[in-house]
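Subject: Structure handover and findings

Hello,

Here is the structure for you to look at. Please open it alongside this email.

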Amino acid sequence: MTGRLVLACALAGLLAAAPAPLSWAQEASPSPSPAPGATARITYITGSSVYLDAGRQDGLREGDLVEVTRDGAPIASLKVSFLSEHRASCAIVSASAPPAVGDTARYASRAPAPSRGASAAGMEGAPGARPGDAASRGRSRWASGLHGRVGARYLVVRDNDGADHGFSQPALDLRVDGYGVGGSDFDVNVDVRARQTNRTAAGAADIHLNQVYRLATTYHLPDTRQRFTVGRQFAPNLEAVSIFDGLLYDMDTDRWGAGLFTGTQPDPSDLGLDGTVREYGGYYLVHSLPQSSRQWAVALGLIDSYAEGSVNREWLYAQMRYRGPRLNGFLTQEVDYNRSWKASAAGESTISPTSTFASLQIRSSERLTFYAGYDNRRNIRLWLDRVTPATQFDASYRRGSWAGATLRPGRHFFIGGDGRTSAGGPSGEANGWGGAFGWDGLGRANVDFSARTTRYSNSHSDGWLTTLTTGMDLGGPAHLELALGRVEENDAADPSLDRTDDWYGLNIDLVLGRNWFLILSEERYTGTFQDNDQAYAAVTCRF
């Protein structure tokens, strides 16, 4: 956990911005659209960064765009911020679903850069790749057999206000992916995580969680592109479904794909088995050829959800995406059909467009990039809400629009700015304006530096947020990053609520040998209403 996590939380709460919108930091001179020729895997995620187990020697460069897929369906776009020989730190450009550890990342691989120090073997394959698939070319080790990772993590939060409200949190996780196990047509996927939260305050109860995020087996019909998956899984091309326990049938050709699924939602508190909410649905999509330089896809899905025999949610899902040399676009729309208690007791309209998310990026030249987006997604009334129909939460902090531009006058220098506005919620209308500059990839150590300042205001307060971030490689297998920030906020109605918060974070990312990775970080946070230290350590072994 680093200062970037605090920055992400501050921006979300203070600016009332949409989740993972395009911004100056994420749009600094992106590279041409990636082809599905090389893959990596997400190994670690912080509040604002996604780490990959591929780096400079695997064909990545600073500024490259990376596409994140889950079960073959694209869910997010990343931009490479920092690189070591076989590791990459990326910013989230856009996302229709949150990236997760173990997701596949596709990128356009280039010739490896000359080695600048000790090296370690990079990622040699990715989950989801099958023999002969485009995603598996050049990474044959993952064509069959069992592969994965096991990790141990430890987080400590120490409050310095004398109230003894800190906690420690040890955690373990295991990810196993087997493709064509034993030369058969079966795949297996396992993602299990356990953590224990030990609170230091007197009388506070400890929390123990053992959660299964994925436990599924897949059978591929011989000589076809059809498969059946049973167990805990994600529904491809239907990101709104998220995790479910059940059966999925899907197929894919060079031009189109389709799928059907049925199952139940897990318990939202601990991800245990729960048959309360049942779901049924399917999708159909058409897309470009896998090797096309202009990748596009249009998908339609229909999902029905029922809880204890009552309507939970019934909706239509549409998604369009395009990725070309100069233009990248993404659009998703959900339309709910409301009947039964939703129409009679809750007073919902029969047809209700509930969620719209759109993002657009235009590279007018090699140096100048424009971007814009719109988000009016809101929470949907579900079956449990009918017990207290007066309870209605509108996630308006995510609703609004943004636009900006990034200019790269030199090879390593960039400057940019953006503006964004949100409406609704307890803060009413909120606006933010930001500017930034920085440089990246300087010298043999690949020194990076960026600075940002943002002015924000809403109906009851206004303030400034300023951040500085710098990073560098340390001899090849190590990467060092330092983040500093300050928030100054003035409350128009009550000056006693004015606040000034400062933080710094130091993060070291190490590659130990061929398959071992170590992350160490320390964060110090001091402010008007809080004062704490956070330390984090994680070690991962890939096999």
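Below is what was found in it, from the overall picture down to single residues.

This is a predicted model, in which local features need pLDDT of at least 70, side-chain atom pairs count only at pLDDT 80 or more, and totals for chains, interfaces and linings use all residues. Numbering starts from 1 along each chain as its sequence is written, and side-chain values use heavy atoms, with hydrogens and water left out.

**Overall**

The protein has two helices and 28 strands. Both are DSSP runs, numbered from the N terminus: helices are H or I with at least four residues, strands are E with at least two. Of its 543 residues, 51% count as buried. Buried means under 20% relative accessible area, exposed means over 50%, and partly exposed is in between (1.4 Å probe, protein chains only). Take contacts between residues at least 6 apart in sequence: 55% of them join residues at least 24 apart. A contact means heavy atoms within 4.5 Å.

Strand E10 (residues 207-220) runs antiparallel to strand E11 (residues 226-234), and six bridges join them. Strands count as paired if DSSP finds at least two bridges between them. Ala216 stands opposite Gly231 in E11. The hairpin of E10 and E11 has five residues between the strands, and Asp223 there takes a positive phi near 60°. On to the next pairing: E11 and strand E12 (residues 243-252) are antiparallel too, over nine bridges. Here Val230 stands opposite Leu247 in E12.

**Aromatic rings**

Rings of Phe, Tyr and Trp (its six-membered ring) pair if their centres lie within 6.5 Å; planes under 30 degrees apart are stacked, over 60 edge-to-face, and the rest tilted. By this rule there are ten aromatic pairs. In one of them, Phe186 and Tyr219 have ring centres 5.0 Å apart and planes at 40°, so the pair is tilted. Phe186 lies in strand E9 (residues 186-199) and Tyr219 in strand E10, so the pair ties together parts that are 33 residues apart in sequence. Phe186 is partly exposed at 40% relative accessibility. Tyr219 is also partly exposed, at 30%. Elsewhere, Phe330, Phe357 and Trp402 form one aromatic cluster.

Two arginines sit over rings. A charge counts as over a ring if NZ of Lys or CZ of Arg is within 6 Å of the ring centre and within 35 degrees of the ring normal. Arg193 lies over the face of Tyr213, at 3.8 Å from the ring centre. Arg313 lies over the face of Trp315, at 4.0 Å.

**Two residues to look at**

Leaving aside neighbours within four places in sequence, Gln295 is in contact with residues including Ser288, Pro290, Arg321 and Tyr322.

Trp439 is in strand E22 (residues 430-442). Trp439 counts as partly exposed, at 31% relative accessibility. Beyond residues up to four places away in sequence, Trp439 touches His412, Phe413, Phe414, Val447, Asp448 and Phe449. Trp439 and Thr470 are 31 residues apart in sequence and 9.5 Å apart in space, C-alpha to C-alpha.

Best regards
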